[in-house]
Amino acid sequence: TTLFRSLGFHKNAQVAAEASLAANAQGKFWEYHDMLFQNQKQLDRASLDGYAKKLGLNMAKFKKALDSKTFEAAVKGDLKLGELAAVSGTPSLFLNGERVSNPTDFGAIDKMITEKLAN
């Protein structure tokens, strides 16, 4: 899955998601993910390249992946899957195919997991 699959309303969401997959191809997904979340208002292409550089990514490979839209289809596929599952925002959580109504409520999630394990 991609970082911004349900954020289609954000003008830089597509390229930011593609950039996260380009970072993943170099083994730095989570580091890049964290950088994006720390800089959510700066997701233009120049900023995305700057984050990759800060992480020490191979910039030729990173830029080529974005310029050639290597990961465009994967991001669009994840967005479509989110639409089919009626995901309207983040966070969204499914447990064994069932939507968790409040995915930030640890107690509710713990209860659901306990019930699923008991069955």
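Helices here are DSSP runs of H or I with at least four residues, and strands are runs of E with at least two, both numbered from the N terminus. On that basis the protein chain runs α-α-α-α-α-β-β-α from its N terminus, which comes to six helices and two strands. Before I go on, please keep in mind that this is a predicted model, in which local features need pLDDT of at least 70 and side-chain atom pairs count only at pLDDT 80 or more, while totals for chains, interfaces and linings use all residues. Residues are numbered from 1 along each chain as its sequence is written, and side-chain values use heavy atoms, with hydrogens and water left out.

Let me begin with the chain as a whole. The C-alpha trace spans about 50 × 25 × 25 Å along its principal axes, and 33% of the 119 residues count as buried, where buried means under 20% relative accessible area, exposed means over 50%, and partly exposed lies in between, with a 1.4 Å probe and protein chains only. If we take contact to mean heavy atoms within 4.5 Å, then among the contacts with a separation of 6 or more, 46% are between residues 24 or more positions apart.

Now to the aromatic rings. Rings of Phe, Tyr and Trp (for Trp, its six-membered ring) pair if their centres lie within 6.5 Å, and planes under 30 degrees apart count as stacked, over 60 as edge-to-face and the rest as tilted. By this rule there are two aromatic pairs. One of them joins Phe 29 and Trp 30 in an edge-to-face arrangement, 4.8 Å centre to centre with 85 degrees between the planes; Phe 29 is buried at a relative accessible area of 13%, whereas Trp 30 is exposed at 57%. Tyr 32 and Phe 62 have ring centres 5.8 Å apart and planes at 55 degrees, so that pair is tilted. This pair links distant parts of the chain, with Tyr 32 in helix α2 (residues 29-38) and Phe 62 in helix α4 (residues 59-67), 30 residues apart. Tyr 32 is buried at 0% relative accessibility, and Phe 62 is buried with a relative accessible area of 0%.

Asp 49 is buried, with a relative accessible area of 14%, and, leaving aside neighbours within four places in sequence, Asp 49 is in contact with Met 59, Phe 62, Lys 63 and Leu 66.
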